[in-house]
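Have the sequence and the 3D view to hand.

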Amino acid sequence: MTRLQRVAVLGSTGSIGESTLDVIARHPERLRVFALSAHSRMERLAEQACASSAPVVVVPDRAARQRFIDAWPAGRTPPEIRVGAQALADTAADTQCDTVMAAIVGAAGLPAALAAAQAGKRVLLANKEALVAAGGLFMRAVREHGAELLPIDSEHNAIFQCLPRGDRAHVPSEPARGVRRLLLTASGGPFRRVDPVDLHDVTPAQACAHPNWTMGRKISVDSATMLNKGLEVIEAHWLFAMPADRIEVLIHPQSVVHSLVEYEDGSVLAQLGQPDMRTPISYGLGFPERISSGVGPLDLARCGKLEFETPNMERFPCLQLAFDALRAGQAACVTLNAANEVAVEAFLAGRLRYTWIPRVITAALEWQQRQSSVTLDSLADVLALDAAARRYAGNLGLA
């Protein structure tokens with residue numbers, strides 16, 4: 001008999017959270033919602049909590065708590081409402097929870113993801129910052145506390161599926177035996193064929209018009225600049241203990257091949273599927289079994305040809321910056337991520353040109369290199385550097 005799995009969905013009103021709840025609802029015999037969290041969409045959170053019968057919700061502050069109460073249907077008993085960042089971390093570590101979907105965007109999701117790892121949970125990681133900003137710290141917590149880590153990004157989930165594995169998601173300390181390279185695929189976003197000189201006047205609407213995926217605005221811009229793929233390179237380094245010179249990126253505009261693993265004997269294993277996040281989510285929730293995701297079959301005959309090309313670093317300088325940061329060390333990765341978040345926020349607000357995003361990141365990385373060496377042995381260390389990098393990027397006069 002399958003044991004009932006109780007799931008906390010952190011960032012439930014985002015696209016990953018919505019897809020996670022869709023998969024959970026398909027398997028009431030094995031999956032149950034324990035907790036949901038949201039930052040601003042209290043009305044949607046109330047709808048989700050009502051539909052899933054979630055016993056706990058987490059909101060950021062008292063004002064959000066009141067908005068949730070106001071949105072809750074009359075006559076129905078509300079869930080327990082927990083308030084604040086510490087409550088979010090405590091919920092991720094709650095003994096009543098087995099699995100944590102870490103889907104909060106940005107550095108705000110890092111403390112809760114780390115708390116889940118330290119509590120020995122099964123962590124379904126959709127938050128990039130846990131590894132980009134705190135890879136060493138996070139992976140050490142997973143190992144020391146016996147947590148189980150399953151990547152949810154479609155590319156890392158694809159690599160995980162193509163690597164040798166058992167019935168538990170272990171955390172490697174060295175590359176898998178026999179593996180030569182990891183090949184991460186990228187759609188190329190909306191500007192794959194645009195001349196770099198024509199990118200100066202790109203608007204937020206254009207940058208957010210992803211050709212294959214429906215995503216939030218911030219991650220859509222990161223996909224357009226390919227900074228998102230750069231962050232995934234850094235994640236792959238930590239998830240699979242793979243050095244930077246054995247990780248490559250291929251542009252694959254059809255988004256059918258989600259990533260590939262090349263072995264020493266010349267074999268290349270690839271994971272293919274529809275561009276629907278419910279596939280990696282269901283894989284993480286069901287692992288080591290495969291469960292229904294609601295995603296339809298892949299018709300390769302209708303897909304036609306599958307194309308691959310090397311990314312143009314002149315068009316996508318943010319991707320090169322991510323490789324540079326990975327080789328420079330963890331402090332550079334923290335700075336890269338922080339500066340990008342500041343720059344993208346300014347771009348979406350109309351205060352920064354699209355082509356200035358990599359310039360802000362470059363300036364921040366140069367600033368970080370001028371600083372005295374920093375230790376990143378604790379979450380406080382990581383968050384302090386993150387805050388300093390954000391202040392520097394925000395004070396450049398560019399954002």
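Predicted model: local features only at pLDDT ≥ 70, side-chain atom pairs only at ≥ 80, totals over all residues.

Q: Which two domains does the domain assignment give for the protein chain?
A: The assignment gives domain 1, residues 5-151, and domain 2, residues 329-398. Their centres, taken over C-alpha atoms, are 27 Å apart.

Q: What does UniProt place at residues 7-135?
A: An unreviewed UniProt entry puts "domain: 1-deoxy-D-xylulose 5-phosphate reductoisomerase N-terminal" there. In the model, residues 7-135 are 42% helix and 21% strand, with the end C-alpha atoms 24 Å apart.

Q: And what does UniProt place at residues 272-392?
A: That stretch carries the feature "domain: DXP reductoisomerase C-terminal", again from an unreviewed entry. Here the chain is 60% helix and 1% strand, and 41 Å lie between the end C-alpha atoms.

Q: How do you know that domain 1 and domain 2 are in contact?
A: Contact takes heavy atoms within 4.5 Å. By that test, 14 residues of domain 1 are in contact with 12 residues of domain 2.

Q: How much area do domain 1 and domain 2 bury between them?
A: About 890 Å², with 61% of it on carbon and sulfur atoms. On the domain 1 side, V132, A133 and L137 lose the most area to domain 2, and together they make up 45% of what that side buries.

Q: What makes up the largest nonpolar core?
A: This core has 132 residues, and F138, L336 and I357 have the most contacts inside it. Helix α15 (residues 330-348) gives the largest share, 12 residues.

Q: Why can you say where this core lies relative to domain 1 and domain 2?
A: Domain 1 and domain 2 both give residues to the core, so it lies between them.

Q: What is F138 in contact with, leaving aside neighbours within four places in sequence?
A: The list for F138 is A113, L114, A117, V123, L125, A130, L131 and L149.

Q: Why is M101 called buried?
A: The cut-off is under 20% relative accessible area. M101 has 0%, so M101 is buried.

Q: Where is M101, and what does M101 touch?
A: Look in strand β5, residues 99-102. Not counting residues up to four places away in sequence, M101 touches A8, V9, L10, I16, T20, L124, A126, I152 and I281. The C-alpha atoms of M101 and A113 are 8.6 Å apart, and the two residues are 12 apart along the chain.

Q: Which residues of helix α4 are buried?
A: In α4 (residues 85-92), they are A87, L88, A89, T91 and A92. These buried residues pack against β1 (5-10), β2 (31-37), β3, β4 (80-83), β5 and α5 (110-118).

Q: Why is Q368 called buried?
A: Its relative accessible area is 15%, and buried means under 20%, so Q368 qualifies. Q368 is found in helix α16 (residues 357-370). Leaving aside neighbours within four places in sequence, Q368 is in contact with A331, A332 and T335.

Q: What makes β10 and β11 a pair?
A: A pair needs at least two bridges. Strand β10 (residues 257-263) and strand β11 (residues 268-272) have 5, in the antiparallel sense. S259 stands opposite Q271 in β11. The two strands form a hairpin with 4 residues between them, and G266 in the turn has a positive phi of about 95°.

Q: What makes the phi of S53 worth a look?
A: Most residues other than glycine have a negative phi. S53 is not a glycine, yet its phi is positive, about 55°. You'll find S53 in the loop between α2 (42-52) and β3 (56-59).

Q: What is the phi of S255, and is S255 buried or exposed?
A: Phi of S255 is near 55°, a positive value in a residue other than glycine. S255 lies in the loop between β9 (247-251) and β10. Its relative accessibility is 5%, under the 20% cut-off, so S255 counts as buried.

Q: What makes the peptide bond from F287 to P288 stand out?
A: Most peptide bonds are trans. The bond from F287 to P288 is cis, with omega near 10°. P288 sits in the loop between α12 (278-286) and α13 (300-303).

Conventions. Residues numbered from 1 in each chain as written. Heavy atoms only, no water. Core = buried A, V, L, I, M, F, W, Y, C linked by side-chain atoms within 4.5 Å. Buried < 20%, exposed > 50% of the residue type's maximum accessible area, 1.4 Å probe, protein only. Domains from an automatic or database assignment. UniProt positions renumbered as here; feature names shortened; annotations may be inferred. Buried area = accessible area lost by both parts, 1.4 Å probe.
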